[in-house]
Amino acid sequence: MKYDVVIVGSGVAGLYCALHLPSSLKVLLVCKEEPQECNTFYAQGGISVALDEEDMRLHIEDTLGAGSHLNNLEALRILSQESLNLVRDLEKLGIRADRNELDQILYTQEGGHQRARIIHFDGDGSGKFLHTHLLERLRHPLWKDTQVVDLLIEGGRCQGVLIKRGEEIIKVLANYVVLASGGIGGLYTYHTNARTLSADLHGMILKHNLKLKDMEMMQFHPTVYTQAPSARKPLISEAVRGEGGKIVNARGERFLFAYDERGELAPRDIVARGIFDHCRKSGEQAFLDLSSFSYQHFKDRFPNIFTSLKEYGANPPYELIPISPAFHYCMGGIEVGLDGRVVGVENLFAIGECANNGLHGANRLASNSLLEGLVFGKRVANEISGVYEDKQGDVEVRLPTMKELFHANDLELKNQLRHLMWNQVGIIRTKQGLQEALRIIEQMQMGIMGEMFGLRLKVAREIVLHALARETSLGAHFIQE
C-alpha cells in the first residue's frame, strides 16, 4: 500500500493537519480503536486564545510562568500569534465558540492565566464538540482498530509504517508520516487519558535511536474523580475552579494558600502537589466545594461533568466531591523543530502531545493543548504542501508475528509498571525512589514479553533517566530531598 501522507492518530492535531492537506494528496489516517478514543474527545476546558496584540504578551508571559521559563520562546510566539485568528478560522468551518444572549463570546479564566481568555464549546464538552465537527469534515480515509507496530526508517528517512489491522500485519509506504498519537497515560495507575495511549510511538522513536526530550516533565491534573471504577479517571475541569470551585478538606478549610498565594488558581503543578502533599501528611481526603454554584448554573455550564458525577452517585453542587491528582499530560515528547520535523530523520513529523518543540516548558498552561494541536497541525500540513516531493521507494522488512508482538505476560507486567511509575516517578519524587524504579525497569527488560510492551519499558526507562539527570526541582518535576 502506498500513500502520500500517513497520519497516526485521530485527535485534534491529526484531524486539523489532514483538513489542511491538499485534496490532491492521497492521505490515510489510522487510530487504534474508535476515532473518539483520544484525549481531544475527553478535553473539557477549551482553547486559550490571545484576546489581542497586547494580550499576546500576557499570554506568553503566563505560559512562561507556568513552564518555569524552560519554554522555547519562538514556539510560544508562533502559538500566541496564530491564536489571534483561530476564532475566525474555526467559524469558517462552522465551529462557533459559546456565546451569551448578545452573541458575545463567553471567555473563562483558568489557573495560571491573568485574564479570562479561554473559549469553550458546548459548555464543558469542548473537546467532544471540536472533535465531532473536525471528524465530520474529514475527506480522507480513516482506518480504525489499526495499530502502528513500527516505523519504516531506512537511510535516515522514514518511508512508512507497519500496521496491525485485525490479525494481519501490513506494510504501508508513505512519502511523509505524521505522528499525532497523543501521550503516555497508560504508564500510570491513575490517569485521565484515553485508554489507547500507552507510549508505543515514543518507544519506536527510541528503538530507531531518535530522541525524546524533557521526559521528566509529567503533569498531574489536580482535580480528578479517582473513585470512578474505569481505568480512565474523569477529570473536573480547571474552569470549575476558575469560576468559583474551591479545594477544601473535610472541615471546609481551603488549605492550598499554604502552598501558593493564588490558592486554587495557581498553575496546576503547584495545585496538584499541594493536594497530594496535604493529603499525605494529614491523612485526610481533599474535596471540591461547588457551593458557590446554583444547581441550574452548574448543570448548564458543566453538563458533562454534572452528568458524569451524578452517574457515579455524587450530588453536585450540594455535596463535597472527593478528588485527587492523577496523571494528565506529558510535556516531554518526540524532539521536533518548529516546523514539526522529527530531529535526526527525514520525512517524519510529530505534532500535539506526542511532540516536543519546547512550547510547554516544565509545565503546560491550562488550555494550551488544543491550541497547540490546531496551530502546529496546520503548520505541518502547510510544510508538507510546500516541500512535497514523491520520493517513494520500497523497504525490505520482515513482518513480525503476533506472538512476537504480544505475550501472555504483558498484562501483569503492564500493571506492575503502572504501579511502579505512580509510586516512584509521580507527583513527588526522590532520588532513591527513581534509582529503585530504574533498577526494576531494567530487570523487567530482561524478562519475557511482547515487543509492544517492550516499547513501553523503553519509554519508562527514559522518563526515569531524564528525572535522575535533573537533580533539582523545576516545574512539574519535583524532587524531595
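Guide: Helices here are DSSP runs of H or I with at least four residues, strands are E runs of at least two, and both are numbered from the N terminus. The model is predicted: local features need pLDDT of at least 70, side-chain atom pairs count only at pLDDT 80 or more, and totals for chains, interfaces and linings use all residues. Residues are numbered from 1 along each chain as its sequence is written, and side-chain values use heavy atoms, with hydrogens and water left out.

Visitor: Where is Ala 381 found?

Guide: Ala 381 sits in helix α12, residues 369–387.

Visitor: Is Ala 381 buried or exposed?

Guide: Buried means under 20% relative accessible area, exposed over 50%, and partly exposed in between, with a 1.4 Å probe and protein chains only. Ala 381 has a relative accessible area of 0%, so it is buried.

Visitor: Which residues is Ala 381 in contact with, leaving aside neighbours within four places in sequence?

Guide: Contact means heavy atoms within 4.5 Å. For Ala 381, the partners are Cys 17, His 20 and Leu 21.

Visitor: Which backbone oxygen lies 2.9 Å from a polar atom of the Ser 10 side chain?

Guide: That of Pro 35.

Visitor: How do I check the length of helix α9?

Guide: The expected span is 1.5 Å times one less than the number of residues. Helix α9, residues 268–282, has 15 residues, so it should span 21 Å; its end C-alpha atoms are 21 Å apart, which agrees.

Visitor: How many residues of α9 are buried?

Guide: 11 of its 15, so α9 is mostly covered. Among them are Ile 270, Val 271 and Cys 279. The buried residues pack against β10, α8, β11, β12 and β13. Just after α9, Gly 283 takes a positive phi of about 75°.

Visitor: How many residues does the largest nonpolar core have?

Guide: A nonpolar core is a set of buried Ala, Val, Leu, Ile, Met, Phe, Trp, Tyr and Cys residues joined through side-chain atoms within 4.5 Å. The largest has 71 residues, and Leu 179, Tyr 188 and Leu 348 have the most contacts inside it. Helix α16, residues 451–469, gives the largest share of this core, nine residues. Another core, of 47 residues, lies apart from it and includes Ile 47, Ile 60, Phe 349 and Val 380.

Key: Polar contact = N/O pair within 3.5 Å; in protein donor to acceptor, adjacent residues only side chain to side chain.
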